[in-house]
Amino acid sequence: MKKTLIVAAVAASFATAASAQSSVTLYGLIDAGFSYVNNEVAPNTAKGSAAAFRVSSGNINGSRWGLRGTEDLGGGMKAIFTLESGFTMGDGSALQGGREFGRQAYAGISTAQFGTVTLGRQYDSLVDYLAPMTATGSWGGTYFAHPLDNDNANNSFRVNNSVKYQSANYSGLTFGGLYGFSNQAGGFGNNRAYSAGAQYANGPFKIAAAYLQLQNPNSNLTGGAMTDSGAGTNLVANAASASVQTQRTYGVGANYAIGPVTVGGAWTQSRFQFAVGDSTARFNNYEVNARYALTPALALGAAYTYTDVKGYTTGANNNGHEKFHQFGLQTDYSLSKRTDIYAEGVVQLAKQGAEAQIYSTGNSAAHGNQVVVTTGIRHRF
């Protein structure tokens with residue numbers, strides 16, 4: 001009997017140690033609310049436009065659930081994986097083209113000294129390093145995205161078949177890069193992607209820069225690096241009625257915390273080389289933003305983005321010049337550590353013949369400008 005108890009105690013000790021060395025975590029976020037959008041194109045009305053009232057999902061953050069796992073391999077090395085699925089709260093359907101794990105799906109090795117290498121469907125370096133300097137990539141969320149999310153600061157697409165490196169933190173400096181393969185025989189450069197970025201944090205100050213390039217993103221859509229239909233590249237291609245051959249996006253951003261106030265700014269440029277002629281569209285996005293924590297539970301945020309677009313048409317007369325002014329306000333109140341309620345409004349003013357459409361609304365504006373007002377609740381688990 002005594003020997004049996006000793007054996008049971010030793011087995012329990014080994015089981016405890018094993019569970020401490022590896023873990024799998026179920027996590028998620030649910031974002032649901034109501035949205036009002038004015039001036040949407042509505043062909044069935046006499047004016048050609050109408051307001052929309054919707055139960056909406058992902059007003060700030062896309063709703064998702066996922067599994068995150070880690071195993072301690074010893075010597076400071078870990079095996080890691082993440083599987084993350086996006087869905088809409090309105091009808092429970094899967095997002096990202098119906099993929100089972102459309103938001104993220106990767107596995108790799110992480111070390112405390114040298115960083116992390118992962119393979120799979122992942123975010124690019126602009127999302128990892130530069131987007132957190134913008135309102136859409138931090139507290140503002142979906143509706144604060146720059147027009148058409150042309151620079152992917154709102155992570156409207158992920159990169160398939162990618163190998164990614166992220167460094168460890170070297171006295172506040174982090175950096176990384178990603179390469180997404182086309183996976184096509186005889187077409188190595190056909191639908192591929194690559195990016196690089198870095199961020200430096202020193203006390204209340206942060207600064208970041210990133211570069212992203214997509215090559216032939218509209219081709220080989222069944223197995224290439226780019227297959228997300230809602231990506232900025234595809235939205236630009238649809239608006240210009242021409243396929244995009246190359247997208248190059250780069251930018252810098254910074255923010256500074258002064259007590260309860262964090263102020264920041266970012267500049268990004270996205271260049272879209274069309275497949276016809278020698279036509280190029282160029283988006284310059286200039287953003288300033290601020291967030292003020294009035295209390296530990298209540299925060300206010302504001303952002304303004306000026307977007308200058310040149311060459312938005314194709315062909316020999318490729319000299320279109322359009323402008324967008326976008327203003328956003330948000331208030332957020334935490335009911336607990338995991339649950340908060342919010343209200344926000346975004347106004348987009350389109351100038352010089354531009355067609356306004358706040359990102360992720362149903363349709364473009366019929367008469368130049370568009371407003372969205374939304375309120376909702378977020379819960380994290």
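A: Let us begin with a term: a residue counts as buried when its relative accessible area is under 20%, as exposed when it is over 50%, and as partly exposed in between. Please keep in mind throughout that this is a predicted model. As a case, Phe 283 has a relative accessible area of 1% and is therefore buried.

Q: Which ring does Phe 283 pair with, and how is such a pair read?

A: A pair of aromatic rings is described by the distance of the centres and the angle of the planes. Here the partner is Phe 272: the two centres lie 5.6 Å apart and the planes stand at 75°, so the pair is edge-to-face. Phe 272, at 0% relative accessibility, is buried.

Q: How many aromatic pairs does the structure hold?

A: The structure holds 14 aromatic pairs. One of them joins Trp 139 and Phe 144, edge-to-face, with 5.4 Å from centre to centre and 70° between the planes; both Trp 139 and Phe 144 are buried. Rings can also gather in a cluster, as Tyr 179, Phe 181, Phe 188 and Tyr 194 do. A ring may also meet a charge: the charged end of Arg 68 sits over the ring of Tyr 27, 3.9 Å from the centre of that ring.

Q: How should I read a salt bridge, and how many are found in the whole structure?

A: Look for a side-chain nitrogen of Lys or Arg within 4 Å of a carboxyl oxygen of Asp or Glu; a search of the whole structure finds eight salt bridges. In one of them, the side chains of Arg 54 and Glu 40 meet at 2.9 Å, N to O. Arg 54 belongs to strand 2 (residues 49–57) and Glu 40 to strand 1 (residues 22–41), so this pair ties together parts that are 14 residues apart in sequence. Arg 54 is partly exposed, with a relative accessible area of 32%, whereas Glu 40, at 4%, counts as buried.

Q: Which residues are linked in a network of salt bridges?

A: The network links Asp 332, Asp 340, Arg 378 and Arg 380. Within it, the side chains of Asp 340 and Arg 378 meet at 2.7 Å, N to O. Since Asp 340 lies in strand 16 (residues 339–351) and Arg 378 in strand 17 (residues 369–380), the pair ties together parts that are 38 residues apart in sequence. Asp 340 also forms a salt bridge with Arg 380, the closest N and O atoms being 3.2 Å apart. Asp 340 and Arg 378 are both buried, while Arg 380, at 29% relative accessibility, is partly exposed.

Q: How do strand 3 and strand 4 run, parallel or antiparallel?

A: Strand 3 (residues 64–74) and strand 4 (residues 77–86) run antiparallel and are joined by ten bridges. Across this pairing, Glu 71 stands opposite Ala 79 of strand 4. Two residues lie between the strands of this hairpin, where Gly 75 takes a positive phi near 65°. Strand 4 is also joined to strand 5 (residues 104–111) by eight bridges, again in an antiparallel arrangement, and here Thr 82 has Tyr 106 of strand 5 as its bridge partner.

Q: What covers the buried residues of helix 3?

A: The covering elements include strand 10 (205–215), strand 11 (244–258), strand 12 (261–274) and strand 13 (280–293). The buried residues in helix 3 (residues 232–240) are Gly 232, Thr 233, Asn 234, Val 236, Ala 237 and Ala 240. After helix 3 comes Ser 241, with a positive phi near 55°.

Notes:
Residues are numbered from 1 along each chain as its sequence is written. This is a predicted model: local features need pLDDT of at least 70, side-chain atom pairs count only at pLDDT 80 or more; totals for chains, interfaces and linings use all residues. Side-chain values use heavy atoms; hydrogens and water are left out. Buried means under 20% relative accessible area, exposed over 50%, partly exposed in between (1.4 Å probe, protein chains only). Helices (H or I, at least four residues) and strands (E, at least two) are DSSP runs, numbered from the N terminus. Contact means heavy atoms within 4.5 Å. Two strands pair if DSSP finds at least two bridges between them. Rings of Phe, Tyr and Trp (its six-membered ring) pair if their centres lie within 6.5 Å; planes under 30 degrees apart count as stacked, over 60 as edge-to-face and the rest as tilted. A charge sits over a ring if NZ of Lys or CZ of Arg is within 6 Å of the ring centre and within 35 degrees of the ring normal.
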